[in-house]
There are 2 protein chains.
Amino acid sequence: MINSQPAEMAASGETAASQVFSALKQDLIRGRFAAGEKLAISALKERYEVGLSPLREALNRLAAYGLLEQHNQRGFRVPPLSAEELEDISRLRMQLECMALTQAFQEGDAEWESQLLAASHRLSRANKAQGEIEQWEQAHQRFHRTLLAPCGSHWLLRFIEQLHDQFDRYRRLAPGNPEIRDRLDAQHGELVELALDRRIHDARYLLEDHIRQSWEVAKGACEQG
Amino acid sequence: MINSQPAEMAASGETAASQVFSALKQDLIRGRFAAGEKLAISALKERYEVGLSPLREALNRLAAYGLLEQHNQRGFRVPPLSAEELEDISRLRMQLECMALTQAFQEGDAEWESQLLAASHRLSRANKAQGEIEQWEQAHQRFHRTLLAPCGSHWLLRFIEQLHDQFDRYRRLAPGNPEIRDRLDAQHGELVELALDRRIHDARYLLEDHIRQSWEVAKGACEQG
DNA sequence: ACAGTAGTTAATATCGATATTTTTTAAAAA
DNA sequence: TTTTTAAAAAATATCGATATTAACTACTGT
């Protein structure tokens, strides 16, 4: 059984449901669907070239995750955007990520420092290659994930990731703000320095400000857009 | 279309998938399945008297929620119990619920106080009716939900509920500890008093202790059981 | 006896068709 | 015109059957 898979098939072990789950999740976060929009299942079937059963399973997972609303007998909707919810998400991010940061500073070892430096470097390089937004987005996500990874709490990381996905829906829909964007980029480097020196107090303050600045940008998605 | 539904049908608008989701969720929290057990889908079909499609959708939701593990091409498993995860869950509960409590004390109004008193009363009455454990469980859950409800953060409440469900898996599997149980019951009443007086500092300390005591009980589920 | 392997069984994941429910459209009544 | 009602259309949810994958068993060779 050598090379029996067509080129378009994904890695072995991937099921159709899990593939369409990932694809749909990405598209939801990227804002490819209008907020509040009702998803037409038959249209999704064509779009993702997948049958009804795996598609519905993916939709159910996404609803349980909070990236879709599910209403009995009337299908799935993209959740609406609201400034109130964005505030909720942002404030909770500040609290949870600061919690995780504190623990990460205690638990993080040399290996972590290396990975953090690497992630930071990848992020700054991805910055310059304009036009490849998705690459930057991935590097950005990985940086923040690496920063908090050693915090030791599986559930805390899970919730933070979930909030991050929610937050990104807003941020990616908002118009770019080059001014704040530059400041945000600089903060990533500063966070690494503070992490290496384990200056938890300053780092917490900086991370909180980082989220607050991002929040300012993300707010742009709520203005009658 | 009057009374066209058979007696065993649930409220209108309920779909087969959502019904089996609720039933399965309850059974998982109640420990009706062995930890680590692989779920035989065909057996579940008979047990819940439901077809394959709605059953699989329910399983997918539960996996996304964290009450099941899903492995591609090899079905669904009940997550194993571990003392480490219980510690993670418990510590996070302390932090998140104390956060919510603080905000609830600020936002809570007279209506909240009334509902809290009512919930507390129901809980103490449910206590005495032995043999009706499920009734007490429901009253208990509602009490804790009411206590934190006015905190104003949709996502915080969501995460707390999720952790609560995880925690209860352990607690309900653990052998009963009448000694601690009495103390826990007493704490519910004390929490109400502190809430009415908005004594946030004492209340936080008490809630933290409440969770810690429950944790002690829940640990019993991890011992080679 | 043991490791490796083909063949068999059982389970999962998916497809195609159908039944139910909601939404839309059109007609009838106030 | 507005509201109600009824019929038609569209969409969701579910069923039954099938294909695909993993787990198991018996065999072969060493």
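1. Contact here means heavy atoms within 4.5 Å, and on that basis the meeting of the two protein chains takes 32 residues from chain B and 31 residues from chain A. Because 97% of the interface residues of chain B are also interface residues in chain A, the copies meet through the same surface.

2. Some notes on reading the model come next. This is a predicted model, in which local features need pLDDT of at least 70 and side-chain atom pairs count only at pLDDT 80 or more, while totals for chains, interfaces and linings use all residues. Residues are numbered from 1 along each chain as its sequence is written, chains are lettered from A and ligands numbered from 1 in the order in which they are written, and side-chain values use heavy atoms, with hydrogens and water left out.

3. On symmetry, chain B can be laid on chain A by a turn of 180° and a shift of 0.0 Å along the axis, giving an RMSD of 0.0 Å, where the copies are superposed by least squares on the C-alpha atoms of residues with pLDDT of at least 70 in both. The two copies are therefore related as by a two-fold rotation axis.

4. About 2700 Å² is buried between chain B and chain A, and carbon and sulfur atoms give 53% of this area; buried area is the accessible area (1.4 Å probe) that two parts lose on being put together, summed over both. Within chain B, the residues that lose the most area to chain A are E57(B), W155(B) and F159(B), which together make up 23% of what that side buries.

5. Between chain B and chain A there are 2 salt bridges, a salt bridge being a side-chain nitrogen of Lys or Arg within 4 Å of a carboxyl oxygen of Asp or Glu. The side chains of R56(A) and E57(B) form a salt bridge, with N to O at 2.5 Å. On the side of chain B that touches chain A, the elements giving two or more residues are α3, α4 (83-107) and α7 (154-173) of chain B; helices are DSSP runs (H or I, at least four residues), numbered from the N terminus.

6. Turning to the DNA, 18 residues surround DNA strand D, and the closest are R56(A), T15(B), A16(B), G51(B) and S53(B); a residue is near a strand if one of its heavy atoms lies within 4 Å of it. Of the atoms of DNA strand D within 4 Å of the protein, 77% belong to sugar or phosphate, and the rest to bases. With 3 residues, α3(B) gives the most to the surface near DNA strand D.

7. DNA strand C is surrounded by 19 residues, of which the closest are T15(A), A16(A), G51(A), S53(A) and R56(B), and sugar and phosphate account for 79% of its atoms that come within 4 Å of the protein. The largest share of the surface near DNA strand C comes from α3(A), with 3 residues.
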